[in-house]
Amino acid sequence: MSHFTFLGGTRIRAPGDSPFRGKVSLAQAVARFCNSEEGGLVIVGAETKDRGSGDNIVRICPMPTNPRVNRQYQQALHNHLYPPPDAIRLEVTQYPDGDLLLIDIPPQPEELKPFLVHGALVDGHGEGAFISIVRRRDDVSIPTTAAMIHSTIAAGRALLRGTPEG
């Protein structure tokens, strides 16, 4: 697996952040890989910088040790990511000053896509009245436009009605 997302210092609730915004940010990071072709790895506690050829880790900023962190992150994903992804693994790795959380997302079955996030980040603020569909290709996030969403829904409805394509 060659694709990673690093959430530097991003926790379910980072200092000064709303709990909802942190949970949406986490769900979006996981959903990007769920909606991609290859899956990926989210590392919570690593800060990166784009050096022109992709993100490079520039700083490790581990989370304070918390024996419930795995369960809290699973619950956040359960509440904000639909459908539940197949076979993702959350693993806490101890680091000298705290913990890193690794979220391994294998490629997901096409019939489960798109993965939806309950909530969206609008101008840096969490908005609960929205859903977002995010995906990733290589090192970039790819927007899912309203036209793309509509065409997928329309095609599915046509198939359900038995309407021939074309």
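This is a predicted model: local features need pLDDT of at least 70, side-chain atom pairs count only at pLDDT 80 or more; totals for chains, interfaces and linings use all residues.
**Exercise 1. Two cis peptide bonds**

State the omega angle of the bond joining Tyr82 and Pro83 and that of the bond from Lys113 to Pro114, then locate Pro83 and Pro114.

*Solution.* 
Step 1. Recall that most peptide bonds are trans.
Step 2. Tyr82 and Pro83 are joined by a cis bond, with omega about -5°. Pro83 sits in the loop between β5 (81-82) and β6 (89-95), and Ala87 is also placed in the loop between β5 and β6.
Step 3. From Lys113 to Pro114 the bond is likewise cis, with omega near 5°. The loop that holds Pro114 runs between β7 (98-105) and β8 (116-122).

**Exercise 2. The surroundings of Phe115**

Describe where Phe115 lies, whether it is buried or exposed, and which residues it contacts beyond its sequence neighbours.

*Solution.* 
Step 1. Phe115 lies in the loop between β7 and β8, where Pro114 is also found.
Step 2. A residue is buried when its relative accessible area is under 20%. Phe115 has 0%, and therefore counts as buried.
Step 3. Leave aside neighbours within four places in sequence; the contacts of Phe115 then include Ala31, Cys34, Asn35, Tyr82, Pro83 and Ile133. Among these, Tyr82 and Pro83 are the pair joined by a cis bond.
Step 4. Consider also a distance: the C-alpha atoms of Phe115 and Arg135 are 8.8 Å apart, although 20 residues separate the two in sequence.

**Exercise 3. Cysteines**

How many disulfides are counted, and are Cys34 and Cys61 buried or exposed?

*Solution.* 
Step 1. A disulfide is a covalent bond between the sulfur atoms of two cysteines.
Step 2. The count requires a pair of cysteine sulfur atoms within 2.5 Å; by this rule there are 0 disulfides.
Step 3. Cys34, at 0% relative accessibility, counts as buried. Cys61 is buried too, with a relative accessible area of 10%.

**Exercise 4. The largest pocket**

Give the volume of the largest pocket and describe its lining.

*Solution.* 
Step 1. Rolling a probe the size of a water molecule over the atoms shows where empty space is left. The largest pocket holds about 430 Å³ of space.
Step 2. Its lining has 19 residues, and nearest the centre are Lys113, Pro114, Ile133, Thr144 and Thr152. Two of these names, Lys113 and Pro114, belong to a cis bond.
Step 3. The elements that contribute two or more residues to the lining are β10 (134-137) and α3 (146-161). The largest share, 4 residues, comes from α3.
Step 4. Sorted by type, the lining contains 11 nonpolar, 4 polar and 4 charged residues.

**Exercise 5. The chain as a whole**

How many helices and strands does the chain have, and what percentage of its residues count as buried?

*Solution.* 
Step 1. The chain has 3 helices and 11 strands.
Step 2. Of its 166 residues, 38% count as buried.

Note on methods:
Residues are numbered from 1 along each chain as its sequence is written. Side-chain values use heavy atoms; hydrogens and water are left out. On a 1 Å grid over the protein atoms alone, a cavity is a set of points where a 1.4 Å probe fits but cannot get out, and a pocket is an open set with protein on both sides within 12 Å along at least five of seven lines; lining residues have an atom within 4 Å of a point. Grid points are joined across faces, edges and corners, and a volume is the space filled by probe spheres set on the points. Ala, Val, Leu, Ile, Met, Phe, Trp, Tyr, Cys and Pro count as nonpolar, Asp, Glu, Lys and Arg as charged, and the others, Gly among them, as polar. Buried means under 20% relative accessible area, exposed over 50%, partly exposed in between (1.4 Å probe, protein chains only). Contact means heavy atoms within 4.5 Å.
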